[in-house]
Amino acid sequence: KQFNSVLTGSKGDRMDKRDKKRSEVLKTKLAKLRQLLSAAKQQPDDLNEIRDLEKQIADATAELAKLKE
């Protein structure tokens, strides 16, 4: 199993405490960003705000996916 994780770059089923904490923080951040995006779409005063929120969501999602590798 360890050999496969070296080949794939995966940590397997194990995450250290720091990664778990970061994962929790990112999930919380994503929930807040999605709420903000929903509100911004309902009242589209600033189109840049929507784009910025979508980018932040994409960045946080990518970081979360990387942690899960």
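Ala65 is partly exposed, at a relative accessible area of 44%; here buried means under 20%, exposed over 50% and partly exposed in between, with a 1.4 Å probe and protein chains only. Ala65 sits in helix H3, where helices are DSSP runs of H or I with at least four residues, strands are runs of E with at least two, and numbering starts from the N terminus. In sequence Ala65 lies 42 residues from Ser23, yet C-alpha to C-alpha the two are 9.2 Å apart in space.

Before going further, please keep in mind that this is a predicted model, in which local features need pLDDT of at least 70 and side-chain atom pairs count only at pLDDT 80 or more, while totals for chains, interfaces and linings use all residues. Residues are numbered from 1 along each chain as its sequence is written, and side-chain values use heavy atoms, leaving out hydrogens and water.

Now to the helix pair. H2 (residues 17-42) and H3 (residues 47-68) pack at an angle of about 155°, and their axes are 9 Å apart. H2 is therefore roughly antiparallel to H3, a label for angles over 145 degrees. Axes here are lines fitted to C-alpha atoms over the stretch in contact, and angles run from 0 to 180 degrees between N-to-C directions. The residues that make the contact (heavy atoms within 4.5 Å) include Leu26, Leu30 and Leu33 of H2 and Leu53, Ile57 and Leu64 of H3.

Looking at H2 by itself, its 26 residues reach 38 Å from first C-alpha to last, close to the 38 Å expected at 1.5 Å a residue; that expected span is 1.5 Å times one less than the number of residues. Which residues of H2 are buried? They are Asp19, Ser23, Leu26, Leu30, Leu33, Leu37 and Ala40, and these buried residues pack against H3.

Stepping back, the chain has three helices and zero strands, running α-α-α from the N terminus on. Of its 69 residues, 20% count as buried. Among contacts in the chain with a separation of 6 or more, 54% come from residues 24 or more positions apart.

Note on methods:
Parallel < 35°, antiparallel > 145°, perpendicular 65-115°, else oblique.
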